[in-house]
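This report describes one protein model, part by part. Please keep the sequence and the structure in view while reading.

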Amino acid sequence: MGQLPFAEEESPNQRRAVPAPRAVSDIPVSPVSDTSSRRLGRRSLVTLALLGGVLILAALGCDAEAHQSILSSTPWTLDGVGGPVAREQLLLFNVLLWTMVIVFVLVEGALLYAAIRFRRKPGDPLPPQTHGHTPLEIAWTIVPTILILGLGVWSVIVLFKLEPGEAIALARAEGKEPVRVEAVGHQWWWEFRYEDPLPGDEATKLVTTANEMRVPVNTPIIMDLKSDDVIHSFWIPKLAGKQDVVPTKTNSMWFLAEETGMYYGQCAEFCGTAHAQMKFRVHVMEDAEYKAWVAGFAEPAQLTAQETRGQLVFLGDGQCVTCHTVGASDTVNPDTGEGVQHARMQTFIEYTQWLAKRPEERLEDVRTGNEPPTAFAAPNLTDLSCRKTLGAGLVELNLENLRDWVRNPDSIKPGNRMSELAAIYQTRTDHRANLTEAQLGDLAAYLLAQGSQIDADICRPEL
Amino acid sequence: MVTITGVIPRPSTYTGLWSWLTTVDHKRIGALYGISAFFFFIVGGIEAGIMRLQLITSDNSLVSADWFNAMFTMHGTTMIFMVIMPFGATFFNFLIPLMIGARDVAFPRLNAFSYWTFLFGALLMHAGFLIGQVPDAGWFSYANLTAAPFSVGKGLDFWALSLQVLGVASLAAGFNFVVTIINMRAPGMSLMRMPVFVWMTLVTSILLVLAFPIITVALIELTADRQFGANFFNTAAGGDPILWQHLFWLFGHPEVYILILPAMGVVSEIIPTFSRKPLFGYPVIVFSGIVIAIMSWAVWSHHMFTVGLGPIANSVFTITTMLIAVPTGVKIFNWIGTMWKGSIDLRTPMLMAIGFVSLFIVGGLSGVSHAVSPSDFQQQDTYYIVAHIHYVLFGGAIFGIFAGIYYWYPKITGKMYNELLGKIHFWLMFIGMNLTFFPMHYAGLNGMPRRIYTYAEGFGWEGMNLLATIGYFVIVISLLIFIHNFFRSIKKGEEAGHDPWDAPTLEWSISSPPPVYNFAEVPVVRGQDAYWITKREAAARGETVPAEPHVDPTTIHLPSPSYWPLITSFGVVWIAGGLLIDVGWDYIRFPISFVGGIITILGVIGWSLEPPAEEHHEAAGGHH
């Protein structure tokens, strides 16, 4: 930084009002003595060094390999992201980052330089009483404006590339159709519904799953986002930025994964008690594997004797079937919008409306037997054994955790709707499931048999 | 009624508890605001500490999910509405009449009403803690999470009704300062001769007056939903949750500038004083403040880029938001221009002011990076945003507030604080602040969402959270040093004299602490930096300027104390508090609430029929 050409110029006001302050500039007006300023300079340098150390430490902590990092391994490359959407966003961020670093160094440099260079020494005269410099003011208004408008135009161009239309164009250029997946946000888990999991394929079927979605590699995926309760936000950091999931409207976004593997996602909009536990995963698979998963979905499994006993618990004492589905998709007729899961969502909406009534009105409804039915949308368990986790990404899926979960969901996930709404948790004072240990074991075995008919290479976690 | 209120004499005590409860003196009200704001600063700080301890490492279980959610809700609400805003009001109250050469504000009793309403509203908000009904939907309380089925209990009712009460206080204060600044300036103080702090107060007050009605509407709708079964935000009945977001942020973004503009005003006073140079580009700084205030109405949807407003709306708000960086940058350049070739004295107020500028640069730059909506899609609702707002509101507003506290400490108390302790406070707070909030940028970019009460290992967030928690305790230590310095210096500090900094504004021309009547003789202003002009003219004649000599206060007409602001405020908060009463029979809260309305009406009647002043003042009075 050279010396800026600050002219010694006075505002008209000042000229009118004060008889030339410069005339008194040689009068030492220094009621405040200062002896510590020299030492301070050194101290501020020490602080800067400390601060620098902190920044480096923090930088070491930033890791492109981290599950949900949006960064590349270095700020001048674009590796580490999973697809074109995240890459566009990262490129924009990296350019902004470098612009910020340059502006930061220049402006903080000027500030620090001024604070150190122009410090008062005892006996210093009054400095020249400058009031401003019009060309300088114009310059530092116009230059940032141009810089910002340039970046702004580019951002607008990128913004339009993130629209779902881009995904359709991209797919059709390769003679494909994008896969459309509907994601429904629930407090606090995700439902994924594929109305046409194999676009262009004659023999199509409806697939409904929860918390772990599967998509083919190198295929544009369009997400249609819905909610039946509060606002959530759908976010897979390595594949695409977030989009809110808003009741009363359907938002859409797209992504494409260039490599197979598992990607981490999480709800990003605060949605109540267990917001932190509303995670999901995206399994990106080879085309053939994906097709095998779709083909095997909801094919009936051969049950062992224990699993058959578990099925009885599922349908009988456990009453799980009220809200959960196994061995089938939660069928919805797209024309009428009717089906099992749809009906459950309707009852949920009616139930929440009922809860909003006055307590005395609710009491009256209960007395007269007019309370609404309680069957709610709950995770579809049809391909459960294909999943890695339980409770929306909370714990690893295995026999033991599954049994613990059914026995006492509150001990694993706070605020979960299952213990709040399901009948088997309402009869005991300790809020545990009203089932025997044997029943719990049978039920867990039955649930983990779900999806076992799907290709063993794709599913079957280490049980 | 007339006879009753007519015969109740105005309170006439100027010492003791009653004098504080009935005071209409802007300086005392300023002090009350300051003490209350600092109390809530500690409360909000403890809430922050609970969050930092919970997040110190992965899978921690210090507090439950619901308790954590209550903590971040109350931390945000407290720091914004009960700390930074009343700290702004502290400076407005204490300084504006002194800086413009006035006796008091335009409406002294309304000023007292603002304070008591603020205090009662803040206490009502915290009363929820006593019965375990703490708001827990975030300081933004997005609909429809606030709708009855998703938010059981009274927490959100406490939040909505208390905020409504705080809004009443802010509106009254806003009007008061607009009228004061426009009408009560000393002769010769044209608008373009006002100190920048007065300008920023005027702009802030206008923003307050325009922004608070919007949140008032939103809160009325929310209250109607929750108390009377309306369906503004109930999606199951066709309500629209996005409506809340528009209303909240149309208020909320000007609110951000309500928080930062006073600090910018403070810094614009301190930098010239300690550089011994007039403010560089005064008209440009004033104009940028006004431009920021106007543009703040056109950027609210940048809080809603991911809501799905579509690419056209997002483009517009991307550009407007990026452009608001220009006037902000211009201010920063002019502050540096003021320091350039100055004679800089790095005392604590100046260090705090430079700290403000340097940290605000960081917050401003990261702000541009999420003004760009495609980039914001990755940053929205992550710790990157948490880092940004704390660079703006802690690095910005809080550093500005501390700069102002140190700068005006000798004026307010008449004593000088301990300089060494002040500098240690600055450096520890500066280091602690960066240690706490800088790593949060990385946590956010590594994918850590905001408002999560826990996180699993394997995401690589532990290190940055540990640093942030350590930084929190560094800030705590720095504040303990501040508290020690503050109280010790009141008792044992050196006499400060009336003008320890050779400052340019009028408040330094009178003794410290200022006499109850402020100026014995109304000053005549002959230019910007009026007191510099006086002092340098005197210096040219080889004279020094002493503080204005004291006169007998009874010879000066002053507004008399009054009971009615306190009573009226009490009525207002009773209206809100009554609706929160829960004693089994649901409808009892309406009559209880009506009692508050009656108290308010009686208070206003008494207020308007109160005799104008005490007899002996009346007799002695006359000149203003």
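## The open sheet of chain A

In chain A, 5 strands form an open sheet in the order β3-β2-β1-β5-β8, with mixed pairing. Strands (E, at least two residues) and helices (H or I, at least four) are DSSP runs, numbered from the N terminus, and two strands pair if DSSP finds at least two bridges between them. At the edges stand β3 (207-210) and β8 (251-255) of chain A; each has a single partner strand, so one side of each is left without a neighbour in the sheet. From one strand to the next, the twist averages 25°.

Strands β1 (residues 179-186) and β2 (residues 189-194) of chain A run antiparallel and are joined by 5 bridges. Opposite Ala183(A) stands Phe192(A) in β2(A). Helix α5 (residues 164-173) of chain A packs on the sheet, where it touches β5 (221-227) and β8 of chain A. The direction of α5 makes about 40° with that of β8(A); such angles run from 0 to 180 degrees between N-to-C directions, and axes are lines fitted to C-alpha atoms, for helices over the stretch in contact.

## Basis of the model

This is a predicted model, in which local features need pLDDT of at least 70 and side-chain atom pairs count only at pLDDT 80 or more, while totals for chains, interfaces and linings use all residues. Residues are numbered from 1 along each chain as its sequence is written, and chains are lettered from A and ligands numbered from 1 in the order in which they are written.

## Chain A as a whole

Chain A contains 12 helices and 14 strands. Of its 463 residues, 43% count as buried, that is, with 20 or more other C-beta atoms within 10 Å of their own, the C-beta atoms being placed from the backbone.

## Where chain A meets chain B

In total, 106 residues of chain A are in contact with 105 residues of chain B; contact requires C-beta atoms, placed from the backbone, within 7 Å. The side of chain A that touches chain B receives the most from α3(A), with 14 residues. By class, this side has 60 nonpolar, 30 polar and 16 charged residues. Ala, Val, Leu, Ile, Met, Phe, Trp, Tyr, Cys and Pro count as nonpolar, Asp, Glu, Lys and Arg as charged, and the others, Gly among them, as polar.

One helix pair spans the two chains: α4(A) packs with helix α11 (residues 325-339) of chain B at an angle of about 145°, their axes 9 Å apart. Among the residues making this contact are Trp140(A) of α4(A) and Phe333(B) of α11(B).

Technical notes: Two residues are in contact if their C-beta atoms, placed from the backbone, lie within 7 Å. A residue is buried if 20 or more other C-beta atoms lie within 10 Å of its own, exposed if 12 or fewer, and partly exposed in between; C-beta atoms are placed from the backbone.
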